[in-house]
Amino acid sequence: MVFVFTFGKFFSDEIFKPIRRIIRNVKGINAHNLHQRLVVDKTNDDVEDLSKTFNDMLDRLEITFEMQNNFVSNASHEFKTPLTVISGEAELGLSLAGLPAAAKDSFLNIYKEAERLEHLTGSMLSLAQTGFDGKKEQWSEVRIDELILSVKEAADKIIPDNKVGINFDNLPEDECKLTVNGNVMLLKAAFTNIVLNSCKYSDNKPVRINILADNQYVIVEIVDEGIGIPDREIGQIFVPFFRASNTEKYKGYGIGLPLANNIIRMHQGKTDVRSRVGEGTRFITYLPYKYI
């Protein structure tokens, strides 16, 4: 019985070893490394067919991702030139002396709408790049407490009378737990988007930023006292162009939060959102800290 059990276990391990290798390799493939392929052993059996099928599927996925990325990137770039011309012509029109009031209002509207459209196309381009571009160019060690201070400075420039406060009371004693591996510009853009959203949808009420850490992540909590998000819609806030049903009076495109979420995911992190309508929203981001 011992011999049969031992031989059976060894035999089953050898039989399923190629399947386990395929499972392990497939788990390591995501949107940022779709160029990777499974190694196909010439065994002339179902395992070889399974590997070829996975590789064919990855080929189709990679082509689809590249087509979508190229379309959004090219469209955004092509929009920039005419928008710059429109903005320049409108600005020139506004500078003309003796311009009638009606014409001045028209030029001003053209200028403002061109700026909004330019911001929208830029956001679309950023969203496309973070969604499909997995290159880790200019990544380095980033101190989260220093990053949040720069986010506060950026918010001060955009909304000078903001009420954003940073709580450093819960900082970990080990400075390593404040350091992550990432792109400082992308991370700054992500947290700035969340903070500005909190200011906007709370009508500039106090926004608190807490920094802490656990055994795996450095955690940044951004808490506001705003309008909140309806329960039935909270799962859609990271969908591009989605806007909650209670945000009609606020201008926006529904791109800031999806962009922030994509950036956090690029850094192997995650975002948790808790909200109550009329009370406020808590954004909790988790970024794996870098062991030194």
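Reader: Which residue does Tyr217 stand opposite in strand 7?

Author: Strands of a sheet pair through backbone hydrogen bonds, either parallel or antiparallel. In this predicted model, Tyr217 stands opposite Pro288 in strand 7, and the pairing they belong to joins strand 5, residues 217-223, to strand 7, residues 280-288, through seven bridges, with the two strands running antiparallel.

Reader: In what order do the strands of the open sheet stand?

Author: The open sheet has five strands in the order 2-4-5-7-6, and its pairing is mixed. Strand 2 (164-167) and strand 6 (270-276) stand at the edges with a single partner strand each, so one side of each of them has no neighbour in the sheet. From one strand to the next, the twist averages 15°.

Reader: Which strands does helix 5 touch as it packs on the sheet?

Author: Helix 5, residues 184-200, touches strand 2, strand 4 (207-213), strand 5 and strand 7, and the direction of this helix makes about 170° with that of strand 7. One of the residues in helix 5 is Thr192, which counts as buried because its relative accessibility is 11%, where buried means under 20%.

Reader: What does Thr192 touch, if residues up to four places away in sequence are not counted?

Author: On that count, Thr192 touches Val151 and Ala154.

Reader: Which residues of helix 4 are buried?

Author: An α-helix has 3.6 residues a turn, so residues three or four places apart point the same way. In helix 4, the buried residues are Ile144, Asp145, Leu147, Ile148, Ser150, Val151, Ala154 and Ala155.

Reader: How many Å should the 15 residues of helix 4 span?

Author: At 1.5 Å a residue, helix 4 (residues 144-158) should span 21 Å, and this agrees with its end C-alpha atoms, which are 21 Å apart.

Reader: Is helix 6 mostly covered or mostly uncovered?

Author: Helix 6, residues 256-266, is mostly covered, since nine of its eleven residues are buried; among them are Leu257, Pro258, Leu259, Ile263, Ile264 and Met266, together with Asn261 and Asn262. Just after helix 6 comes Gln268, which takes a positive phi of about 60°.

Reader: How many disulfides does a search of the whole structure find?

Author: A disulfide is a covalent bond between the sulfur atoms of two cysteines. Searching the whole structure finds zero disulfides. As for individual cysteines, Cys176 counts as partly exposed because its relative accessibility is 24%, whereas Cys199, at 3%, counts as buried.

Reader: What pattern does the protein follow when read along the sequence?

Author: The secondary structure comes to six helices and seven strands, and along the sequence they follow the pattern α-α-α-β-α-β-β-α-β-β-α-β-β. Of the contacts with a separation of 6 or more, 67% are between residues 24 or more positions apart.

Reader: How much of the protein do buried residues make up?

Author: Buried residues make up 35% of the 292 residues. The accessible surface of the protein comes to about 17700 Å², and 57% of that surface belongs to carbon and sulfur atoms.

Terms used
Residues numbered from 1 in each chain as written. Predicted model: local features only at pLDDT ≥ 70, side-chain atom pairs only at ≥ 80, totals over all residues. Heavy atoms only, no water. Pairing = 2+ DSSP bridges. Helix = DSSP H or I, 4+ residues; strand = E, 2+ residues; numbered from the N terminus. Axes fitted to C-alpha atoms, helices over the stretch in contact; angles between N-to-C directions. Contact = heavy atoms within 4.5 Å. Expected span 1.5 Å × (residues − 1). Buried < 20%, exposed > 50% of the residue type's maximum accessible area, 1.4 Å probe, protein only. Disulfide = S-S within 2.5 Å. Areas by Shrake-Rupley, 256 points an atom, 1.4 Å probe, with all protein chains shown as cover.
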